[in-house]
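This report goes through a structure pocket by pocket and element by element. The sequence and coordinates come before the discussion.

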Amino acid sequence: MFKALADPTRRTILDELTRQNGQTLFEICGRLTTTHGLGSSRQAISQHLDVLEAAGLVETRREGRYKFHYINTSPLQYIVERWPHRPAGPKRP
Amino acid sequence: MRINLTSVFVNDQERALRFYTDILGFEKKHDVPLGEDRWLTVVSPKDPEGTNLLLEPSSHPAVKPFREALVADGIPFASFDVDDVKAEYDRLRGLGVRFTQEPVEMGPVVTAVLDDTCGNLIQIAQRPL
């Protein structure tokens, strides 16, 4: 999962799926190109999606003849549980 | 050189003609019987002397795997200009058309992608004025 998150293009894909969930590969490629100026090939984006899917951060669902991609942030819960939020401190008196 | 004719593969020419005319709003231009099939083209009512769109039979074995792969990834086969993508999206949705991509600003253009019910995805695009 950390490897999946380490790549900026993959983080951007997750950003775009947060803005609009359930996108085709074509739509994801279009958004990355036009709103982020990422010139990655469709094949490269497809491979990024495979990595995200293997990490459980993206799920694909077939609806009829189309395939849509959905974000799943539940694996990220592990990070919060391992390093729960603590305010910085101790503070000086 | 200019583009006189382009084509989409359709599963059923009669059904395609109804979708492209009744739903999308094109007009029939040529309809010539050719054995089992027809030389069947439509044009835009805004440009009746413009580019013909041929509704071409999809019976060749190469078409099915090609089109299935495109559709699975959401890739449109053709793109048509409209004045207002959002208005057209609402109108077509009202007629029961299925979209795989809602209207989205893609840089300077707004696009959406619909299923033509004949085996293809079609993009509609609104270019900046």
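## The largest pocket

In this predicted model, the lining of the largest pocket is made up, by class, of eleven nonpolar, six polar and seven charged residues. The space in the largest pocket comes to about 750 Å³. Its lining numbers 24 residues, and those closest to the centre of the pocket are F26(B), S44(B), F80(B), D81(B) and V82(B). The elements that contribute two or more residues to this lining are β3, β5 (78–81) and α3 (85–94), which belong to chain B.

## The second largest pocket

The second largest pocket holds about 220 Å³ of space. Of the 18 residues that line the second largest pocket, Q20(A), E27(A), Q101(B), E102(B) and V104(B) lie nearest its centre. Two or more lining residues are given by each of α2 and α3 (25–36) in chain A, and by each of α3 and β6 (99–106) in chain B.

The largest share of the lining of the second largest pocket, seven residues, is supplied by β6(B). Sorted by class, the residues of this lining divide into five nonpolar, six polar and seven charged.

## Helix α2 of chain A

Helix α2 of chain A covers residues 8–19. The buried residues of α2(A) are T9(A), R10(A), T12(A), I13(A), L14(A), E16(A) and L17(A). The cover over these buried residues of α2(A) includes α1 (2–6), α3, α4 (42–54), β1 (58–63) and β2 (66–71) of chain A.

Leaving aside residues up to four places away in sequence, T9(A) touches L32(A), L38(A), I45(A) and H48(A).

## Strand pairing in chain B

Strand β2 (residues 27–34) and strand β3 (residues 37–43) of chain B pair in the antiparallel sense, with seven bridges between them; D31(B), for example, has L40(B) in β3(B) as its bridge partner. The two strands β2(B) and β3(B) form a hairpin with two residues between them, and in the turn G35(B) has a positive phi of about 65°.

β3(B) is also joined by two bridges to strand β4 (residues 52–57) of chain B, and these two strands run antiparallel. Here V42(B) has L53(B) in β4(B) as its bridge partner.

## Two loop residues

In chain A, G64(A) lies in the loop between β1 and β2. G64(A) counts as exposed because its relative accessibility of 69% is over 50%. G64(A) and R19(A) are 45 residues apart in sequence, and the distance between them in space, C-alpha to C-alpha, is 24 Å.

In chain B, T117(B) is found in the loop between β7 (109–115) and β8 (121–126). Phi of T117(B) is near 65°, which is a positive value in a residue other than glycine.

How values were computed. Residues numbered from 1 in each chain as written. Chains lettered and ligands numbered in written order. Predicted model: local features only at pLDDT ≥ 70, side-chain atom pairs only at ≥ 80, totals over all residues. Heavy atoms only, no water. Helix = DSSP H or I, 4+ residues; strand = E, 2+ residues; numbered from the N terminus. Contact = heavy atoms within 4.5 Å. Pairing = 2+ DSSP bridges. 1 Å grid on protein atoms, 1.4 Å probe; cavity = no way out; pocket = protein on both sides within 12 Å on 5 of 7 lines; lining within 4 Å. Points joined across faces, edges and corners; volume = space filled by probe spheres on them. Nonpolar A, V, L, I, M, F, W, Y, C, P; charged D, E, K, R; others polar. Buried < 20%, exposed > 50% of the residue type's maximum accessible area, 1.4 Å probe, protein only.
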